[in-house]
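The sequence and structure come first.

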Amino acid sequence: MKNQSIKIMGMRDKLIEAEKEIKILREILWLRHGCSNLYGDDGEMQCGSCILDFKRDSAQKIKDRFEEIGRDAIIEHFEKI
Ligand SMILES: [Zn+2]
């Protein structure tokens, strides 16, 4: 029973550490993804150009949106040619 409790505490510490790492990585992504239309009051991490919430949106949603923006830019480029 004691060993199981220690194991759970270790897993809890790892989860807390992983959440801290994810928060730092989200902030880096928010600040460095190339846009300047950022909103960050009260701990928010939003981009008005991408229409993304880097604090709450899932990593998959952010990835999908970046891919959508990339596709739109390519289409726009070729429509001008
Ligand atoms: Zn953006």
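## Burial and basis of the model

A residue is called buried if 20 or more other C-beta atoms lie within 10 Å of its own, exposed if 12 or fewer do, and partly exposed in between, with C-beta atoms placed from the backbone. By that definition Ile 51 is exposed, with 11 other C-beta atoms within 10 Å.

The model is predicted: local features need pLDDT of at least 70, side-chain atom pairs count only at pLDDT 80 or more, and totals for chains, interfaces and linings use all residues. Residues are numbered from 1 along each chain as its sequence is written.

## Overall fold

The protein chain has 2 helices and 3 strands; helices (H or I, at least four residues) and strands (E, at least two) are DSSP runs, numbered from the N terminus. In sequence order the pattern is α-β-β-β-α. The radius of gyration of the protein chain, 19 Å, is well over the 12 Å that the globule rule gives for 81 residues, so the chain is more spread out than a compact globule. That radius is taken over C-alpha atoms, and the globule rule is 2.2 Å times the number of residues to the power 0.38.

The C-alpha trace spans about 70 × 25 × 15 Å along its principal axes. Of the 81 residues in the protein chain, 6% are buried.

Helix H1 covers residues 2–32, which is 31 residues, and reaches 45 Å from its first C-alpha to its last, close to the expected 45 Å. The expected span of a helix is 1.5 Å times one less than its number of residues. H1 is hardly covered, with a count of 1 buried residue among its 31 residues. Just after H1, Gly 34 has a positive phi of about 105°.

Helix H2 takes up residues 59–80. Its 22 residues reach 32 Å from first C-alpha to last, close to the 32 Å expected. The number of buried residues in H2 is 0, so this helix lies largely in the open.

## Sheet and loops

The 3 strands form an open antiparallel sheet in the order E1-E2-E3. E1 (38–39) and E3 (52–53) are at the edges with a single partner strand each, so one side of each has no neighbour in the sheet. Two strands count as paired if DSSP finds at least two bridges between them; E1 and E2 (residues 46–47) pair over 2 bridges. Gln 46 in E2 is the bridge partner of Tyr 39.

Two non-glycine residues in the loops have positive phi. Asp 42, in the loop between E1 and E2, has phi near 55° and is exposed, with 5 other C-beta atoms within 10 Å. Ile 51, in the loop between E2 and E3, also has phi near 55°.

## Core and contacts

The largest nonpolar core has 5 residues: Trp 30, Cys 47, Cys 50, Leu 52 and Phe 54. Such a core is a set of buried Ala, Val, Leu, Ile, Met, Phe, Trp, Tyr and Cys residues joined through C-beta atoms within 7 Å. Leaving out residues up to four places away in sequence, Cys 47 touches Trp 30, Cys 35, Asn 37, Leu 38 and Leu 52, where contact means that C-beta atoms, placed from the backbone, lie within 7 Å.

Asp 53 is in strand E3 and is partly exposed, with 16 other C-beta atoms within 10 Å. Asp 53 and Ile 22 are 31 residues apart in sequence, and their C-alpha atoms are 14 Å apart in space.

Definitions and conventions:
Two residues are in contact if their C-beta atoms, placed from the backbone, lie within 7 Å.
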